[in-house]
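Please look over the protein chain shown here before reading on. The report is meant to be read with the structure open beside it.

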Amino acid sequence: MKILTSLMTATALTASCLSATSQDRDAYLDDRSDGPALIRSLYNAINRKEYARAYSYFADRKPFGDYQSFVLGYAKTVDVQVITGAVTPEGAAGSIYTPVPVAIKSTEKGGKERIFAGCYITRIVNAANQEPPFAPLHIESAELEDVGGTLEKALPKVCYPPS
């Protein structure tokens, strides 16, 4: 009986460690402090299947259509990894735009992996000039393409702000 109890305790502890590791990797992240942090928050929400939160990071003009289309686009996705490159924020007409180079590794059900690369443009209107409701940093646009290769090699060296 003592051995069975010890085995059950060991199994429970192992399961809780595995669970904690998974939770740590996908701990809730909602950071709009800069463009790269916002993009990491987007993919954190996607990994956690929090699609309403992910959708909310985009401006009113969504680059992919309505919410249901957005959710369907991730129907086969089980994991997403993202890396971001160097950014140079630029001010223009009362806004700060930050072009964010990204490389994304998407793993689908069944194990198929795909590599995407491109640029996100984030924007915030000068906070001192805003009236309620406050509009936080958001994703203004995204241009990604399926590129293959490795995640690190796919990362663009530079992205440019809107002209």
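## Overall composition

This is a predicted model, and the protein chain in it has a secondary structure of 5 helices and 5 strands. Read from the N terminus on, the elements follow the order α-α-α-α-β-β-β-β-β-α.

Of the 163 residues in the protein chain, 33% count as buried. The accessible surface of the chain comes to about 10000 Å², and 57% of that surface belongs to carbon and sulfur atoms. When contacts between residues at least 6 apart in sequence are considered, 54% of them join residues at least 24 apart.

## Helix α2

Helix α2 covers residues 35-47, and its 13 residues reach 19 Å from the first C-alpha to the last, which is close to the 18 Å expected at 1.5 Å a residue. At the start of α2, a side-chain oxygen of D34 comes to within 2.8 Å of the backbone nitrogen of A37. The helix is followed by K49, a residue whose phi is positive, near 65°.

Leaving aside neighbours within four places in sequence, A45 is in contact with E50, R53, A54 and Y57. The C-alpha atoms of A45 and A27, which are 18 residues apart in sequence, are 9.7 Å apart in space.

## Nonpolar cores

The largest nonpolar core has 21 residues, and those with the most contacts inside it are L42, Y43, I46, Y120 and I139. The elements that give two or more residues to this core are α2, α3 (51-56), β3 (95-108) and β4 (113-125), and the largest share, 6 residues, comes from α2. I46, one of the residues with the most contacts inside the core, touches Y51, A54, Y74 and V80 when residues up to four places away in sequence are not counted.

A second, separate core has 5 residues, including A103, I115, A117 and A154.

## Strand β3 and its partners

Of the 14 residues of β3, 12 are buried, so this strand is largely enclosed by the rest of the structure. Strand β1 (residues 77-84) runs antiparallel to β3 and is joined to it by 7 bridges, and in this pairing A103 of β3 is the bridge partner of I83. A103 is also among the residues of the second core.

Strand β2 (residues 90-92) is likewise antiparallel to β3, with 3 bridges joining them, and G91 stands opposite I96 in β3. These two strands form a hairpin with 2 residues between them, and A93 in the turn has a positive phi of about 50°.

The pairing of β3 with β4 is in the antiparallel sense and extends over 13 bridges; here the bridge partner of V100 is Y120 in β4. Y120 is one of the residues with the most contacts inside the largest core. The hairpin of β3 and β4 has 4 residues between the strands, and G110 in that hairpin takes a positive phi near 90°.

## Two contrasting positions

A93 lies in the loop between β2 and β3, and it counts as exposed because its relative accessibility is 84%, where the cut-off for exposed is over 50%. The C-alpha atoms of A93 and V125, which are 32 residues apart along the chain, are separated by 8.8 Å.

T122 has its place in strand β4 and counts as buried because its relative accessibility is 0%, where buried means under 20%. Leaving aside neighbours within four places in sequence, T122 is in contact with G35, L38 and I39, with I96, Y97, T98 and V100, and with L137, H138, I139 and E140.

Terms used: Residues are numbered from 1 along each chain as its sequence is written. This is a predicted model: local features need pLDDT of at least 70, side-chain atom pairs count only at pLDDT 80 or more; totals for chains, interfaces and linings use all residues. Side-chain values use heavy atoms; hydrogens and water are left out. Contact means heavy atoms within 4.5 Å. Buried means under 20% relative accessible area, exposed over 50%, partly exposed in between (1.4 Å probe, protein chains only). Accessible areas come from the Shrake-Rupley method with a 1.4 Å probe; for residues, only the protein chains shown count as cover. A nonpolar core is a set of buried Ala, Val, Leu, Ile, Met, Phe, Trp, Tyr and Cys residues joined through side-chain atoms within 4.5 Å. The expected span of a helix is 1.5 Å times one less than its number of residues. A polar contact is a pair of N or O atoms within 3.5 Å; within protein, one must be able to donate a hydrogen and the other to accept it, and residues adjacent in sequence count only if both atoms are side-chain atoms. Two strands pair if DSSP finds at least two bridges between them.
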